[in-house]
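Visitor: I'd like to go through a structure with you. Where should we start?

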Amino acid sequence: MQDEILSGFPPNFLWGSASAAYQVEGAWNIDGKSESVWDCFVRIEGKTFKNTNGEIAVDHYHRFKEDIKLMAEQGLKAYRFSIAWTRIFPNGRGDVNQSGIDFYMNLIDELRKNKIEPIVTLYHWDLPQILQDEYGGWESRKIIPDFVNYAKTLFEAFNGKVKYWISLNEQNIFTSFGWQQALHPPGKTNDKLFYQVNHIANLVNAATINIFHELNISGQIGPSFAYTPQYSYNSDPINVLAAENAEELTANFWLDVYLYGSYPHAAVSYLRKQGVMPKITKEDEILLKSAKPDFIGINYYQSSTNSYNPLGGVGRGNLNTTGKKGSVKESGVPGVYKKVVNPYTNRTNWDWEIDPIGLRIAIRRLTSRYRMPILITENGLGEYDKIENGKVHDYYRINYLSAHVTAIQEAISDGANVLGYCTWSYTDLLSWLNGYQKRYGFIYVDQDETQNGSQVRYKKDSYYWYKNLIEKHSELTNRKVKCE
């Protein structure tokens, strides 16, 4: 659909940005915090780029007031961050660590004082290591009451101060990378265990949403999902079917459970034939059906293009964690689909496809399938940034973000209900496996890929671009905008 006039962004649209505790806070072992699985995983040689870690990260724990001041100057309307479970319950359960509550209370109050809406993520991958050691963490149903207890503690502590909550961040990523590809903790490759872990995570998500609503907490809650819309390489029906397979197994398999409370039929049939279907009880089915999120959180970075992959075809490939463009090879699931290069899109130096229209497609697909409000919880460009005389001319990031903002506005014009847009990320940060050389932020942090630097903050050109964008759209709220 092409429109001569685009709808304006809705009133109170959340122009925001995002981060995660392990990637920005540092202060990994102070004020009562215990070790997370990531604190331990990064000590394994070769797991991260140049063995970088989050022990200091970008020192947000000590610099959050400085960072929030920069947000306020920019006109940011929302800031999404995660709470570290290890700061609240160093033993995973039991006594609450008041220092942890106090830190996040101070952070939230500082945001609210500056008229910035806090969006809190309960879980952004930093499971307490003590629970991993005790019962295997996500591999055991024992995590369900422990997580619900953790979530309940936060709901009650911050009720009235936080309106938007994310239950689990990118469940599809932390489960598949942790139990299929060994790229994240606990570093295993076991398909059957992966599907069982993922099912337990679904139960945790459902139980958490239910306790939120049972407590009558003021606000809204939903999971955040890493959604990659799947395309067919061409109109050959065999490739179209491959794309449908990919959509079913990489998206519907999670989102249908979140919104409908059941797994899609084709995916269930496939898992049973492979002998990897998780154990699902009648009680599980009741729980999953009972949980109703208030919105869908979407982390969008790229689309994916698929072609036919025969039995005996290519399997899982490599992941580009070096920034050497073109180093990713074809990958897929034999007999299901194969991921191939899209000839119509460009790629980043980490081989992520740049596809702004894909975000419009993503919002349209999910709106049509689930009829739910959507919150864009992450979208951004990780690239090499160079600082010269205190300036970072990141025109490529401006181009990327601008095109994706246009795609959101087009989706709104198509009838979608989009609550807000959180860029990834606010400051530069530790990019998990990619270390500190892959930068995402509006704020350049003086720290090189070997973790040396002053931690001084510098505003990039994209900082000023987003500031102007927020101001412009605040003035244009509820107006129609002519397409240029």
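Guide: With a definition: the expected span of a helix is 1.5 Å times one less than its number of residues. Keep in mind that this is a predicted model.

Visitor: Fine. What span should helix α15 have at 1.5 Å a residue?

Guide: Helix α15 covers residues 461-476, so its 16 residues should span 22 Å. The C-alpha atoms at its ends are 23 Å apart, which agrees.

Visitor: Which residues of α15 are buried?

Guide: Ser462, Tyr463, Trp465, Tyr466, Leu469, Ile470 and His473. Viewed down the axis of α15, these buried residues fall within an arc of 160°, so they line one face of the helix.

Visitor: You mention α14. Where does Tyr395 lie, and is Tyr395 buried or exposed?

Guide: Tyr395 lies in helix α14. Its relative accessible area is 56%; exposed means over 50%, so Tyr395 is exposed.

Visitor: Change of topic: helix pairs. At what angle do the axes of α9 and α12 cross?

Guide: Helix α9 (residues 191-214) and helix α12 (residues 282-290) cross at roughly 50°, and their axes come within 8 Å. The two are therefore oblique to each other. Their crossing is left-handed.

Visitor: Which residues meet there, α9 against α12?

Guide: From α9, His199, Asn202, Leu203, Ala206, Ala207 and Asn210. They meet Asp284, Leu287, Leu288 and Ser290 of α12.

Visitor: What about α5 and α7, how far apart are their axes?

Guide: The axes of helix α5 (residues 98-113) and helix α7 (residues 143-158) are 11 Å apart, and the helices pack at an angle of about 45°. That makes α5 oblique to α7. The crossing of α5 and α7 is right-handed.

Visitor: Which residues of α5 and α7 meet?

Guide: Ile101, Tyr104, Met105 and Ile108 in α5 meet Thr153, Leu154, Ala157 and Phe158 in α7.

Visitor: On to the backbone. What kind of peptide bond joins Pro185 and Pro186?

Guide: A cis bond, with omega about 5°. Pro186 sits in the loop between α8 (171-179) and α9.

Visitor: And what kind joins Trp424 and Ser425?

Guide: That one is cis as well, with omega about 5°. Ser425 belongs to the loop between β15 and β16.

Visitor: Now phi. What is phi of Ala57?

Guide: Phi of Ala57 is near 50°, a positive value in a residue other than glycine. Ala57 is in the loop between α2 (37-41) and α3.

Visitor: Is Ala57 buried or exposed?

Guide: Buried: the relative accessible area of Ala57 is 1%, and the cut-off for buried is under 20%.

Visitor: Last one, Glu170. Where is Glu170 found, and what is its phi?

Guide: Glu170 is found in the loop between β5 (164-169) and α8. Its phi is near 45°, again positive in a residue other than glycine. At 8% relative accessibility, Glu170 counts as buried.

Definitions and conventions:
Residues are numbered from 1 along each chain as its sequence is written. This is a predicted model: local features need pLDDT of at least 70, side-chain atom pairs count only at pLDDT 80 or more; totals for chains, interfaces and linings use all residues. Side-chain values use heavy atoms; hydrogens and water are left out. Helices (H or I, at least four residues) and strands (E, at least two) are DSSP runs, numbered from the N terminus. Buried means under 20% relative accessible area, exposed over 50%, partly exposed in between (1.4 Å probe, protein chains only). The arc is that of the directions from the helix axis to the C-beta atoms. Axes are lines fitted to C-alpha atoms, for helices over the stretch in contact, and angles run from 0 to 180 degrees between N-to-C directions. Angles under 35 degrees count as roughly parallel, over 145 as roughly antiparallel, 65 to 115 as roughly perpendicular and the rest as oblique. A crossing is left-handed if the near helix is turned anticlockwise from the far one by less than a right angle, and right-handed if clockwise. Contact means heavy atoms within 4.5 Å.
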